[in-house]
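This report describes a single protein chain, beginning with the confidence of its coordinates and moving on to its secondary structure and selected residues. Please consult the sequence and the structure alongside the text.

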Amino acid sequence: MKKLIVVCLLIAVLSASCGGGDGGGNGDSAAIKNVIHDMWDAYNQGNYAKALTYCTNYGDEDEEIAQMTAMKNFTGNVTVKGIENIKISGSSATAKVTLYIAGQTDIDEVKLVKIDGNWKINMGEGTEPPPVINGEETDIGYTTSVGFEDLPLCDWNDWDHNDWLADINVTTYDAGIAGDMKLYQMDFVITPQTHMTAFDHEMHLAVDAFDGTGTWELFLNEVRTASGGYTPSGIDVVLYSSTGAALTSGTVARLSVYFPEGIYFNVGDYDPFAAGTYHGEGLFYDPYIKVLNTGDVIHAGDARMLSVPTDWTPPGEGTAIWVPYPKVGAASDPCVGPVFTAYWWKP
Ligand SMILES: [Ca+2]
Ligand SMILES: [Ca+2]
C-alpha cells in the first residue's frame, strides 16, 4: 500500500533486480525517461490520480491517492534533475533518478516494467518495505502555551506575562511501518493568542534536538514564505517579524521539518509542564522572542518565559501573575522574578 510513496519520494533505494545489459534501444530509454518525467510532472501539479496512471503494482488506488495527497507539502516543489544509468533487460528496467524536492537533492533507483508496450514505474514484487516518509500522521504530540513578559529583568517589571502569548502544537509523522520509530516530519503550528504590551517582538523557533539532516519550510497561513536545510547543529527560524502584527492579522505559522531518511526521536521524552520546568526547560525547542524596543532576547529558561497548558488564562494587563494564581509567589528579587510551584495554574 505504501509502495507508491516509495517511488514518489525516491528516498529508499529500490532493489535492482535487472542484471542484464542494455537490451533495449534508444526508443525504450526515451520512453522510460518520458514516463518518469510525466509521473513527476503530474505529482508536482498535485494531480495524484494522473501520477498513478504511470505506475503499476501499487495496490489500492484510493489509499495511494490519499497518501499522495497527504504529501501536498511537496506539490510545486519537485523537479526532475536527471535520469541516468538506464538498464533494460527484456520487459524490466531500472533507472537512476535525481530529484530536487523542497530544496533537497534526492538520488534513487527506480524499477520499471513494460506492460502492453508501455513502460510503467513498478512499485511491486520483491521491494523491501522501505523506511520512507509517507506523510502519515501518527502521533499528535501536544500543544503548549508559551507566555512572555517583555520588560527587563533586574528592573521595574509588572510580571503580567501576557505581553506575547502563543500556542504551539507539535505533530509528528513517521513511516507508518510497524516497529519503525523513526521520525520523518514534524510540524510546529504556532497560533497567536495575546499581545498586551506597548512593545513589539520578533518571534523565533530554534531547535537542535534532531540528530539528522533534512529540510524545513515555513508557512504563514499556509503560504510558504521560507525554507532551508536542517543539519544536526540545528535551525533558528524567524516565525514573525512582528508579534503585534501577527496577532492583529491572526497569522498562524507552520514550521515543518523533514527528515527523508528518518531519525530517532520520541516526543514523549519531553514534558513541558513537569514540576520544576516552568520556563520551557521541558521543551525540545526554544520559542524565543527578541524585544524590538529594547533588544532584549528572552529564551526558554528565562524567568520571563512560561510554558503552560493552553487552558490557562493570562493575567489582565498590568496584573502580576501571582494575583490570579496564588500558588505563584510574588517576586521579591527582580532578577529572579515570581516563584513558581508545581501545577501553579491549577486552582
Ligand atoms: Ca509585562
Ligand atoms: Ca502586559
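## Confidence and conventions

Where pLDDT is low, the predicted coordinates should not be read in detail. For the protein the mean pLDDT is 84, and 82% of the residues reach 70 or more.

This is a predicted model, in which local features need pLDDT of at least 70 and side-chain atom pairs count only at pLDDT 80 or more, whereas totals for chains, interfaces and linings use all residues. Residues are numbered from 1 along each chain as its sequence is written, while chains are lettered from A and ligands numbered from 1 in the order in which they are written.

## Overall composition

The protein contains 5 helices and 16 strands, taken as DSSP runs numbered from the N terminus (helices: H or I, at least four residues; strands: E, at least two). Of its 347 residues, 39% count as buried. A residue is buried if 20 or more other C-beta atoms, placed from the backbone, lie within 10 Å of its own, exposed if 12 or fewer, and partly exposed in between. Among contacts with a separation of 6 or more, 68% come from residues 24 or more positions apart.

## Helix H2

Helix H2 comprises 19 residues (26-44) and reaches 27 Å from its first C-alpha to its last, close to the 27 Å expected at 1.5 Å a residue; the expected span is 1.5 Å times one less than the number of residues. Its buried residues are Ile32, Val35, Ile36, Met39, Trp40 and Tyr43. They cover an arc of only 120° around the axis, which puts them on the same side of H2; the arc is that of the directions from the helix axis to the C-beta atoms.

The face turned away from this buried side carries the exposed residues Asn26 and Gly27. Just after H2, Gly46 adopts a positive phi of about 80°.

E2 and E3 run antiparallel and are joined by 9 bridges, with Gly82 opposite Thr98 in E3. In their hairpin, which has 2 residues between the strands, Gly90 takes a positive phi near 65°. Strands E3 (residues 92-101) and E4 (residues 104-115) pair in the antiparallel sense over 10 bridges, and Ala95 stands opposite Val110 in E4.

## Two strand residues

His204 lies in strand E9 (residues 201-207). With 18 other C-beta atoms within 10 Å, His204 is partly exposed. Beyond its neighbours within four places in sequence, the contacts of His204 include Asp236 and Tyr288.

Thr143 belongs to strand E6 (residues 136-148) and counts as partly exposed, with 16 C-beta neighbours inside 10 Å.

Conventions. Pairing = 2+ DSSP bridges. Contact = placed C-beta atoms within 7 Å. pLDDT = per-residue confidence, 0-100.
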